[in-house]
Amino acid sequence: MKTSAAVTDSEDRYLCYFNMSFLLPKLSSKKEVDQAIKSTAEKVLVLRFGRDEDPVCLQLDDILSKTSSDLSKMATIYLVDVDQTPVYTHYFDISYIPSTVFFFNGQHMKVDYGSPDHTKFVGSFKTKQDFIDLIEVIYRGAMRGKLIVQSPIDPKNIPKYDLLYQDI
């Protein structure tokens with residue numbers, strides 16, 4: 001009996017996360033991503049690259065959807081399927097999902113997380129507050145003309161990944 005209850009709890013969590021990804025708008029082509037980058041003005045554009053069925057993506061989507069209304073004056077959030085936008089997946093060197101990329105007024109915003117890769121955040125944020133704090137720092141920095149900002153997230157809350165270099 002405990003086994004089936006655990007499965008039910010796990011399925012409930014999965015369905016909860018699964019439903020959250022439907023609350024956020026999706027971009028399903030290079031043209032749509034290009035348009036979002038060009039047309040999002042005076043706000044941070046958040047592009048979550050991943051897959052809707054991936055458990056870590058669903059966990060991140062839960063955080064993104066729960067914070068999207070609070071951040072609506074500072075940020076616009078979209079989900080981007082890595083399989084439908086291979087040009088951007090390759091361009092941003094997305095080897096791990098989810099990967100989150102930030103723009104402001106068409107400019108790619110970089111964040112120093114204390115790792116060699118400043119182009120994207122890999123993995124899910126540990127808390128909603130980590131995500132909110134990051135968006136606020138990116139927004140303030142961008143409004144002052146900066147293209148790279150220092151991450152406000154506690155380093156122990158930032159997932160660690162080894163960079164993969166191919167064909168070197």
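Select V46 and I77: in strand β3, I77 is the bridge partner of V46. Strands (E, at least two residues) and helices (H or I, at least four) are DSSP runs, numbered from the N terminus. The model is predicted, with local features requiring pLDDT of at least 70 and side-chain atom pairs counting only at pLDDT 80 or more, while totals for chains, interfaces and linings use all residues. Residues are numbered from 1 along each chain as its sequence is written, and side-chain values use heavy atoms, with hydrogens and water left out.

**The strands around β2**

Select residues 44-50, strand β2, together with residues 75-81, strand β3. The two strands are parallel and are joined by seven bridges; strands are said to pair if DSSP finds at least two bridges between them. Next, follow the chain from β2 through helix α3 (residues 55-67) to β3, a β-α-β crossover that is right-handed. With the strands pointing away from the viewer, right-handed means that the path from the first strand over the helix to the second runs clockwise.

On the other pairing of β2, select residues 99-104, strand β4. Here β2 and β4 run antiparallel, with six bridges between them. L45 is found opposite F103 of β4.

Now display the side chains of β2. Which of them point one way, and which the other? V44, V46, R48 and G50 point to one side, and L45, L47 and F49 to the other. Seven of the seven residues of β2 are buried, where buried means under 20% relative accessible area, exposed over 50%, and partly exposed in between (1.4 Å probe, protein chains only).

**L27 in strand β1**

Move to L27, in strand β1 (residues 26-27). L27 has a relative accessible area of 7%, so it counts as buried. Apart from neighbours within four places in sequence, its contacts (heavy atoms within 4.5 Å) are E32, V33, A36, L47, Y78, L79, V80 and D81. Select T85 as well: 58 residues separate L27 and T85 in sequence, but their C-alpha atoms are 8.8 Å apart.

**Two nonpolar cores**

Which residues have the most contacts inside the largest nonpolar core? They are F102, F125, F131 and I135, in a core of 27 residues. A nonpolar core is a set of buried Ala, Val, Leu, Ile, Met, Phe, Trp, Tyr and Cys residues joined through side-chain atoms within 4.5 Å. At least two residues of this core come from each of β2, α3, β3, β4, β5 (107-112) and α5. Helix α5 gives the largest share, six residues. Another core, of 15 residues, lies apart from it and includes L27, V80, V82 and F103.

**Q129 in helix α5**

Select helix α5, residues 128-143, and within it Q129. Q129 is partly exposed because its relative accessibility is 44%. The side chains of Q129 and D133 make a polar contact of 2.7 Å. Such a contact is a pair of N or O atoms within 3.5 Å; within protein, one must be able to donate a hydrogen and the other to accept it, and residues adjacent in sequence count only if both atoms are side-chain atoms.

**Charged pairs**

R48 is buried, at 0% relative accessibility, whereas D52 is partly exposed, at 22%.

In helix α3, select D62 and K66, four residues apart, about one turn of the helix. Their side chains form a salt bridge of 3.4 Å, N to O. D62 is buried at 9% relative accessibility, and K66 is partly exposed at 42%.

Finally, select D154 and K156, whose side chains form a salt bridge of 3.6 Å, N to O. D154 is partly exposed, with 33% relative accessible area, while K156 is exposed, with 68%. The protein has eight salt bridges by this rule.

**The whole chain**

Now show the entire protein, which has five helices and seven strands. In sequence order the pattern is α-β-α-β-α-β-α-β-β-β-α-β. Of the 168 residues, 41% are buried.

Notes: A salt bridge is a side-chain nitrogen of Lys or Arg within 4 Å of a carboxyl oxygen of Asp or Glu.
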